[in-house]
Amino acid sequence: MKLTINGEQCEVTAATLAALLTELDYEGGWLATALNGEVVPARQRDGCALTDGDRIEILAPMKGG
């Protein structure tokens with residue numbers, strides 16, 4: 001399936017937002033996610049089905065200064 005993830009076209013196999021985060025190796029206790037401009041809370045990611053052409057935004061804190 002082709003998705004736009006953080007502005008980049010990607011080919012993925014994940015069927016849900018939770019599976020996508022695992023496929024892309026996103027880990028940790030704090031992530032913010034949005035599907036087609038709508039925020040998806042962490043507790044809803046397992047049931048959030050993805051469709052070809054969806055736009056996903058994933059925000060994670062970064063270390064640095």
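Mentor: We shall go from the whole chain to its sheet, and then to one strand. Please keep in mind that this is a predicted model.

Trainee: Which secondary structure elements does the protein chain contain?

Mentor: The protein chain has 1 helix and 5 strands. Along the sequence, these follow the pattern β-β-α-β-β-β. The radius of gyration is 11 Å, close to the 11 Å given by the globule rule for 65 residues, so the chain is as compact as a globular protein of that length.

Trainee: What is the order of the strands in the sheet?

Mentor: Strands of a sheet pair through backbone hydrogen bonds, either parallel or antiparallel. Here, the 5 strands form an open sheet in the order E2-E1-E5-E3-E4, with mixed pairing. Strands E2 (8-11) and E4 (38-39) are the edge strands, each pairing on one side only.

Trainee: In what sense do E3 and E5 pair, and over how many bridges?

Mentor: Strand E3 (residues 32-35) pairs with E5 in the antiparallel sense over 4 bridges; Ala32 has Leu59 as its bridge partner in E5. By contrast, strand E1 (residues 2-5) and E5 run parallel and are joined by 2 bridges. Thr4 stands opposite Arg55 in E5, and the bridge partner of Thr4 in E2 is Gln9.

Trainee: Which residues of strand E5 lie on its covered face, and which on its uncovered one?

Mentor: In a regular strand the side chains alternate between the two faces of the sheet. In strand E5 (residues 55-59), Ile56 and Ile58 form the covered face, while Arg55, Glu57 and Leu59 form the uncovered one.

Definitions and conventions:
Residues are numbered from 1 along each chain as its sequence is written. This is a predicted model: local features need pLDDT of at least 70, side-chain atom pairs count only at pLDDT 80 or more; totals for chains, interfaces and linings use all residues. Side-chain values use heavy atoms; hydrogens and water are left out. Buried means under 20% relative accessible area, exposed over 50%, partly exposed in between (1.4 Å probe, protein chains only). Two strands pair if DSSP finds at least two bridges between them. The radius of gyration is taken over C-alpha atoms; the globule rule is 2.2 Å times the number of residues to the power 0.38.
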